[in-house]
Amino acid sequence: MVVVGAGVVGLSCAVRLLEAGHRVDVLARELPQETTSSVAAAIWYPYRALPQDRVTAWAATSRRAFEDLAATDPAAGVRLLPGTEVHAAPAPDPWWAEAVPGLARAEQVPAPYVDGWTFTAPVIEMPVYLRWLAARVESLGGTITRAALTALPVGPDVVVDCAALGARGLVGDATLTPVRGQVLRLSQPGLDRWWLDAAGPTYVVPREHDVVVGGTDQPGEWDRTPDPRTAADVLARATALVPALAGAQVLAHRVGLRPYRPAVRLEREGAVVHCYGHGGAGVTLSWGCADEVADLVDGAVDGAGDAG
């Protein structure tokens, strides 16, 4: 079968399908390191993804998968780090709280914030992790090929549509829109915990050798060129949140386009299984969605067998 899309969702689906015994070929306009997934700060956090009940369940499944990878495979680039989300006013528990057993109210938050919560989150170093995923696909017998598709492949096999924003053209889904996110990659000054102010959004996500700071949330904006004024604003907000970043060297500027949709589309439509529209939570939902895709594909294959 064919998986369309080589971002984190497409590769995760390919892995689960290969593990289930299917032959899988991944076709994508952009190879893994060229996708929006490669730009992500990639902290586990359900952001700009709906509906809440399905997102919470997918996120919980993915969290468990990342915790397992962090414990068993250092080459995957996944670490578990504590951190704090802060709020300028008292806030209720997040709607996805049941996916985080260890979530607790912060005893102290830095001024001018007055509320927040802490928890340990998987932090995924995307350049490393995407290489690991691609290698996993290939080690299981799958292939990854660059292909400029103008429509989903048609044939006897099931097609899994993980084309992210590409699905807008491939299947004519006008509800799918970009949400521009600009980030900076900074030198690592010794941070060992993440910080988040979702109102910005402002986030500081330490990795082993660098720190990703962001960000922006610009619906309908397609421009992938980093804007210097935006970068200065992001850096100022991040440094105000985490003063230890003062003086950190700017290593790179990146822009990614989150594939937002009013609801994640994960459903079977004939011989096609759609899995796109994950907004800012592609990494966070990846394994949960991949498990459901594998179930839907098995159902489609069994149904074709029954029909014959």
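**Figure 1. R63 over the ring of W44 in the predicted model.** The structure shown here and in the other views is a predicted model. R63 lies over the face of W44, and the distance to the ring centre is 5.2 Å. W44 also belongs to a cluster of aromatic residues, which is the topic of the next legend.

**Figure 2. A cluster of aromatic rings.** W44, Y45, W96, F119 and W194 are linked by ring pairs into a cluster. In the whole structure, the search for aromatic pairs finds seven.

**Figure 3. R193 over the ring of W195.** The charged end of R193 sits over the ring of W195, at 5.6 Å from the centre of that ring.

**Figure 4. Packing of helix α1 with helix α3.** Two packed helices are described by the angle between their axes and by the distance between the axes. Here helix α1 covers residues 8-19 and helix α3 covers residues 126-139; their axes come within 9 Å and cross at roughly 30°. Because angles under 35 degrees count as roughly parallel, α1 is roughly parallel to α3. The crossing of the two helices is left-handed.

**Figure 5. Residues in the contact of α1 with α3.** On the α1 side, the residues are V8, L11, S12, A14, V15, L18 and E19. They meet M126, Y129, L130, L133, A134, R136 and V137 in α3. By type, the residues of this contact divide into eleven nonpolar, one polar and two charged.

Figure 6. Most peptide bonds are trans. P201 is placed in the loop between β9 (194-197) and β10 (202-206). G215 is found in the loop between β11 (210-214) and β12 (218-219).

**Figure 7. A positive phi at A42.** Most residues other than glycine have a negative phi. A42, a residue other than glycine, has a positive phi, near 60°. Where is the place of A42? A42 is in the loop between β2 (25-28) and α2 (52-72).

How values were computed
Residues are numbered from 1 along each chain as its sequence is written. This is a predicted model: local features need pLDDT of at least 70, side-chain atom pairs count only at pLDDT 80 or more; totals for chains, interfaces and linings use all residues. Side-chain values use heavy atoms; hydrogens and water are left out. Axes are lines fitted to C-alpha atoms, for helices over the stretch in contact, and angles run from 0 to 180 degrees between N-to-C directions. Helices (H or I, at least four residues) and strands (E, at least two) are DSSP runs, numbered from the N terminus. Angles under 35 degrees count as roughly parallel, over 145 as roughly antiparallel, 65 to 115 as roughly perpendicular and the rest as oblique. A crossing is left-handed if the near helix is turned anticlockwise from the far one by less than a right angle, and right-handed if clockwise. Contact means heavy atoms within 4.5 Å. Ala, Val, Leu, Ile, Met, Phe, Trp, Tyr, Cys and Pro count as nonpolar, Asp, Glu, Lys and Arg as charged, and the others, Gly among them, as polar. Rings of Phe, Tyr and Trp (its six-membered ring) pair if their centres lie within 6.5 Å; planes under 30 degrees apart count as stacked, over 60 as edge-to-face and the rest as tilted. A charge sits over a ring if NZ of Lys or CZ of Arg is within 6 Å of the ring centre and within 35 degrees of the ring normal.
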